Amino acid sequence: MLHLTLHIQMNRQMNTNLHTTLPAAHTLRAHLLHLPRLLRMLRNTLPLQLRNTLPVLLALVLFTGCESHLDKTPLGQQTTENFFTDEEEAIQATNASYNKLRDWNIHVFDFLGLTDMISDDATKGSTPTDAAFLTELENLTHDAGHQSVLGWWIGNYQGIYRTNVNLQNLPDTDMNPDLRNRLMAENRFLRAYFYFNLVRGYGDVPLITRPLTPEEYDQERTPSANVYAQIIEDLEFAADHLPLKSQYPAADLGRATQGAAESMLARVYLYMEDYGQAESYARSVITSGEYDLLDDYFMIFTEQGENSPESIFEVQATATEEGAGGSQYGQVQGVRGTPNLGWGFNHPSRDLDAAFEPGDLRHQATILFPWEELPDGTGRTVIENHTMEDERYNKKAFAGDFPGTIDNYPVNIRRFRYSDLLLIAAEAAYRNGNEGDARQFLNDVRERARVGRTLTIGILPENASPHMVNVLNLGDLDTRVFARMVHEGGPADLAGIESFDHSLDRGRVRANLLDMIVSVNGIAITDRESFLDAVDAQSDDATVPVVVHRIRHGQSPEEFTVNVTVQELLPDVTASGQALLDAIWHERRVELAMEQKRWFDLVRQGRAAQVMQDLGVNFVTGKHELFPIPQNEIDLSNRALTQNPNW
Amino acid sequence: MKNRLRRCHFLFCFGLAALLLAAGSTVFAQHEVRGTVTDAETDEPLIGVNIMVLGTTIGTTTDANGVYMLTAPEPDATLQFSYLGFDTREIPIEGREQIDVTMTPTEIVGEELVIVGYGVQRRRDVTGSIGRVEGDRLARIPTQSVDQTLQGVSAGIQVTPSSGAPGASSVIRIRGVGTLNDASPLFVVDGMILDDINFLNPNDIESVDILKDASAAAIYGARGANGVILITTNRSTIDRPTEIKVNTYYGWQEVARTVPLTNAREFATLANEAAMNEGRTPPFEDPTQFGEGTDWQDEIFRVAPIRSISISAAGGTSRTAYNLSASVTGQDGIIHNNYLDRYSFRVNNDYYLTDNIQVGHNLAFIYEDFRNAPGVVGTAYRADPTVPVFTEDGNYSPTDARASVGNPVADLEFNSNNENFRQRLAGNAYLHIDFLDHFRYRSNFGIDVNRTHNRNFSPIFFVSAIQQSEQRSINVSNNYANKILWENTVQFQRTIDEHRIDLLSGVTFEQFRSENLGGGRINVIGDDPSLWYLNAADDSEGMTNFNSAGEWAIFSVLGRANYTWRDRYMLTTSLRYDGSSRFGELNRYGWFPSFGLGWVVTDEPFLPDLPWLDLIKPRISWGILGNDRIGNYEYAATVAGNLNAVFGPGGNIYFGALPISLSNPEIRWEETTQTNIGIETVFLNQRLSIDADYYRRDTDGILVAIPIPGYIGVEGQPIVNAAEVRNSGFELTINWQESRGRFFYSIGGNMTTVSNEVLDLGRGNEEIFGGGVGIGGMLATRTIIGQPIGSFFGYKTDGIFQNQDEIDAGPLRGGEQPGDLRYVDITGDGQITTDDRTDLGSPIPDLIFSFNVEFAYLGFDLSASFTGQAGNKIYNAKKQARFGTPNFERAALDRWTEDNPSTTYPRITDGGHNYLVSDFFIEDGDFLKLQNLTLGYTIGSQISERIGFSTLRVYASASNLFTWTGYEGYTPEIASPSVIANGIDDAFYPFARTINLGINATF
């Protein structure tokens, strides 16, 4: 009633001008129901001549309010009301799914911890106290509260959420149906990729295939078989609807392809121990003719080697002036210190160092040592960082100078290479009883690692950089090659050649021992190429004299000759049975070292316990095959999630 | 902006209508009256007495001789004489042409005025809890920033400096912490609502009123929940000769305390021990070869000057009152390479256009030029004392071999190449129209234009692997923030017999917009400051540019009714209706009511007239206030942009966008319901006053980020109104002052208790962790129902394992060795797990107190003020963060070894078991600080007048002179803007002890 009274008074006194300003304020008016009492109180205290005019004034104020000014649209941000309306936005939304692949939680710290550092391939790296929690993974002392165990879980599910939002909205987006199918297939490929990470790492995990409503937040774990079924379904859809690598326009290089989907199917079936399907999909990729091994293994991990014919799926990153396309995958593994190229995590382990066969050049392509020249061709050397222990870097994640600074690392993350697929084919073929083909696939990979050479003398030579020569005070020597590594029991070792050894004394480097190679069988050695040529000129099993300058700390160089037996380099595998399987597994290790394949391979192959225990790590069978379900997640699901056994 | 204002034309309409009404009510006069007004007690003429013809808007004031003249509309009209501090008189003209009037001073207590929101109230009539500080008290103590001067001035307010850097602001809390978000109070300077007051010139301040309870603050509705601080700056009155004041001082600042650290020899010993305990090779062959080594704290700190001069001129002509001031203040930091120079100007004028129309303005312009220091305090705390500052060949020494920190002195040179400027214009212009006898219309238009400009340059340098820059880089940014405020109020004041009525209603509109724009480049062509510009860099690589903006608006309708009956019974009610753009359409508006009652018991006739009892006034208030300090667009479902993907040979960036977070369109205000019960008393002929208050603030609907499972896949946590917190406590203020002949003294003090308890955290939110400490950012606080916000949380220790037998007795985490801390098995399950972490005390003090004494005798004045707090804990996080082997606090010398079975300090390690979050790192934060000690001498007027001054005072003053505390850090005053990560000491810029010499002169 009071409300009405106010209206009547207003109407009586209002002029037409006011009418036009009135309709703006319905919401406010609704709130005014309580005001009239106050107004009446006020009015009664007024002199008569004002009693009728004041309500007009108040009405003016209240009803023509600045309400419209309270609608502030976020500046510089789009809102959901006007999103997913056309083809362009559909593409942008799918780009956001790919964007997650460069994310910290997917392919950076936690990922490297849960794949490389946890395995026998790598140690944490950096300084002892830097990110000490990663050491727990290295020693398998992590628990359900470990931040990487949580971080990777969350990262993958965030990726899944993005694909789910896309898969929910794409069917209703007004766009070209072929493109729609392709985008759907890309998102399903990526969803499968994320779920494959989860199911391998955590076992049974909640299977979520659309954005959840708050009532559905308490999720239970889905049996891994169902998760695998979803992965297969997604990948099959992707394989059916994605173009071949060669069918994409160049500008789309890096998107999921039919080959990538089939390769993933081969890998997933291998993990499911369905070797028939695994071999069939692997052969389909091989016969597609879309992929080939790159001749030079060294080239694969250089900038020029990005998206090579060998690349099946590769997360694209770039370092531009704007800085928006980088990935920290390379940054956290970059050289720490001088030159300062990163944080220095994920050191190739001594065990991996020793796993390479004599003369396997993949060793040098994988591990970057102190005092070694950087692969960027600048002539700079990694200077030993005395705050780091057992310093080695992942050369496969190396990038030299790049524009901008942090987060702007340009290294593409090579997730699926053709040699990986060949080794999957080899393993599947072996399991299917086809040892001949298995050997063939395996030897194809080994042949490339040989880079056309056939012989080795078991010494990996390395160019001595001017910088190192200077630091080690070797001014009277020219910058020839020195012996990097001599395997215990190898021909060079037997011949008395020792590896470069250095130590630290109060921050200054002291070279204890260094063998500079002068000649091989009379052929003068000036650099690594001349050394390789000289070795290739020898005949198998011949014993040839190698002249070295041996430099000892505080003594003059001493020249002497050792006799070294020449051996065939990486000979073709002829084994069969278990030995062949072991050879395939070994090849997977050295071919794919520091590419985050090792841990899940070991678990899949059922020998993680043995391998880790041999290294003195307390791997508990029946426990460490899976990561724990993050305790936070169990709590926040209101305990709908259960923990993995023995955690 | 112009366009938007035009659309707000209703405010103009409102103003215009009021103006017409006022003009229409003016009638031409007929009867001339003149006379003199004098003080009944002293017979002195009174200047500026207000004389009104009752029932009209006709009025005048007395001149310098107390003479007035006016023309009344009719000979039988009644004149009303009013004057601040005197009883108002109403005298019928009765046809007379000469009426001389005497006026009697009112009782001081009754007429003391306080500033309340949108007006002034007699202190006697106030039913809320308001703390008041007079500006002269602030001006007498030389400090550079206003917020620090508020420390200890009133019960209920806690002021903690956040840093000792020049220009740093303080964290201010009124009556505890009532939110998990921004708990800062609202600042209102001369009616202009501002986010900070740090830029003000302390000499300009007339008074500070702190609105603590709902009755006082609810008029600020949605923004009053954390209390309101009203600041009034100096103005003048008409017909007053010009008075020029000069205040100047020069001072020396130095770091008040440093942390006792081990010297080189001790460090080498401990570092060797740490290495051996961890199975590494000891880094030092012979620790005894070292002496004292480098005291890095000595190297970064300096004695720094501070100087200030402030000049003001105030006076008035017959129609104009003016107050102008200018000041220049320069402060160098106590750490090398930083400073702040501030130039401020203020013009506060009032123009009496006609008898009933008055306009005026309060405008301040501030220009600041400053340079920031890099964060070297933590570095100096950690740096290796065995390393000299410079190598033998004069380069900076690398310091990263053991401590893994850069050389602090090199840091000061290479990382302080910044230039910053700020310009700020803040103030308002107003219009008053008095009409229809008892009405006053006021329109107030305020602006706050704040621009900052920052430029940061990094040269090429190499000190060590972790302290180097391979490129010259430059980053430049410009920020602007503009605010307008427009308030229109109508006030009605009338006394009818025993009834005093004061009504106010109005509308206000406020709009804010900020934007920043900047860029960065690498490969700058040189080091000279003249090249610190983007165009002096190669833009072919490493170019960054950024630009973002935000805005909000708030529209409010407000009303207040104050009613006093028989001068004894007071009722205050207020109601504010706020609408804010920060909230979605579902919950955009809120009502904020308040009620207050007061009763002057001592005026009751039934009470005998006791000579020693001057006033007893109980009062009670209740109200609801809001807190709207959240992001500008939290309700909106936004699409995250720049989720870019890279495709194509060579890598091209393709824009990506997707909604990846949840929005909460129902987001609404945090609501604080506050109840206050208080009593004001005055005894012994105004000598003693005691005020006591009990308060309870329940804040409901506190915005918290609800943790949801990660598998939902949403990025960021949805923010909902869920948590509830209660703050309650007592406030007590006691003041005694007395003059005995030429000797005057006063003693005063206040104390506040704060009990903070979380009542609810919302569904699924059993606990909120915060406060990352140590390596890896272990969380050291937990906010949980039933405990204070942000309580420390970790293991409780129970001494040190002395030998293997004790270890074997357990309980253990695993891997303990003799000399390790023994953690308490809270769960009693025989082992130490993360479940054994427990509450370890709160950073919120139970008690805040301050007191001050003042003496004056024969021109000398001496004052001392103390402030302190008790019951809070401090987390010494700097001790815990061991990245490598940094320096040790001297307490580590008493570490456990086989020969020294210490029970207080575990064996030396650089990480592991002894570095978990535990009470080993928690210390008591109790302190008492001699905040200021000032001795002044006012030179006798005969002498000062002879040399041209009307008054002249010289003084010496010391601030932060002593702090009594058991805490071993730079200061026990540890503040963080985050309420869930408070009281954590991680080595910030410490406060200075300052000695000043100054002069206050008046011409």
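**Notes on a predicted two-chain model**

1. Let's start with a charged pair in chain B: B:E243 and B:R240 make a salt bridge, with their closest N and O atoms 3.7 Å apart. Please keep in mind throughout that this is a predicted model. B:E243 is partly exposed, at a relative accessible area of 29%, and B:R240 is partly exposed too, at 28%.

2. A second pair to look at is B:R568 with B:E604, whose side chains meet in a salt bridge at 3.4 Å, N to O. This one links distant parts of the chain, since the two residues are 36 apart. B:R568 sits in the loop between β29 (544–565) and β30 (569–580) of chain B, while B:E604 belongs to the loop between β31 (589–599) and β32 (613–627). Both B:R568 and B:E604 are buried.

3. How far apart are N and O in the salt bridge of B:R696 and B:D698? The distance is 3.8 Å.

4. Over all chains, the salt bridge count comes to 95. In chain A, a network of salt bridges links A:E310, A:E357, A:D360, A:R362, A:K396, A:R417, A:R446, A:R448, A:E587, A:E591 and A:E595.

5. While you are in chain A, have a look at helix α9 (residues 109–117). Is this helix enclosed or exposed? Nine of its nine residues are buried, so α9(A) is largely enclosed by the rest of the structure. The buried residues include A:F109, A:F111, A:L112 and A:M117, and also A:D110 and A:D116.

6. Back in chain B, strand β42 (residues 778–784) has five of its seven residues buried, so the rest of the structure largely encloses it. On one hand, β42(B) pairs with β41 (residues 767–773) in the antiparallel sense over six bridges, and B:G772 stands opposite B:L779 of β42(B). On the other, β42(B) pairs with β43 (residues 791–794), again antiparallel, over two bridges. B:R782 has B:S791 of β43(B) as its bridge partner. Six residues lie between the strands of the β42(B)–β43(B) hairpin, and there B:G786 takes a positive phi near 95 degrees.

7. Chain B also holds an open sheet of five strands with mixed pairing, in the order β10-β15-β16-β13-β14. Its edge strands, β10 (130–134) and β14 (192–194), each pair on one side only. Neighbouring strands are turned by 20 degrees against each other on average, direction ignored. Within this sheet, β15 (residues 205–211) and β16 (residues 228–233) run antiparallel and are joined by six bridges; B:D209 stands opposite B:L230 in β16(B).

8. Finally, the surface. Which residues make the nonpolar patch of about 820 Å²? They are B:F855, B:Y857, B:L858, B:F860, B:L862, B:L933, B:L935, B:Y937, B:V954 and B:I999. Strands β47 (847–857), β48 (860–870) and β51 (927–938) of chain B each supply at least two of the patch residues, and β51(B) gives the most, with three. One member, B:F860, is found in β48(B) and is partly exposed, with a relative accessible area of 45%.

How values were computed
Residues are numbered from 1 along each chain as its sequence is written. Chains are lettered from A and ligands numbered from 1 in the order in which they are written. This is a predicted model: local features need pLDDT of at least 70, side-chain atom pairs count only at pLDDT 80 or more; totals for chains, interfaces and linings use all residues. Side-chain values use heavy atoms; hydrogens and water are left out. Buried means under 20% relative accessible area, exposed over 50%, partly exposed in between (1.4 Å probe, protein chains only). Helices (H or I, at least four residues) and strands (E, at least two) are DSSP runs, numbered from the N terminus. Two strands pair if DSSP finds at least two bridges between them. Patches are made of residues with over 30% relative accessible area and no salt bridge: like charges are joined within 9 Å, nonpolar side chains (Val, Leu, Ile, Met, Phe, Trp, Tyr) within 5 Å. Accessible areas come from the Shrake-Rupley method with a 1.4 Å probe; for residues, only the protein chains shown count as cover. A salt bridge is a side-chain nitrogen of Lys or Arg within 4 Å of a carboxyl oxygen of Asp or Glu. Axes are lines fitted to C-alpha atoms, for helices over the stretch in contact, and angles run from 0 to 180 degrees between N-to-C directions.
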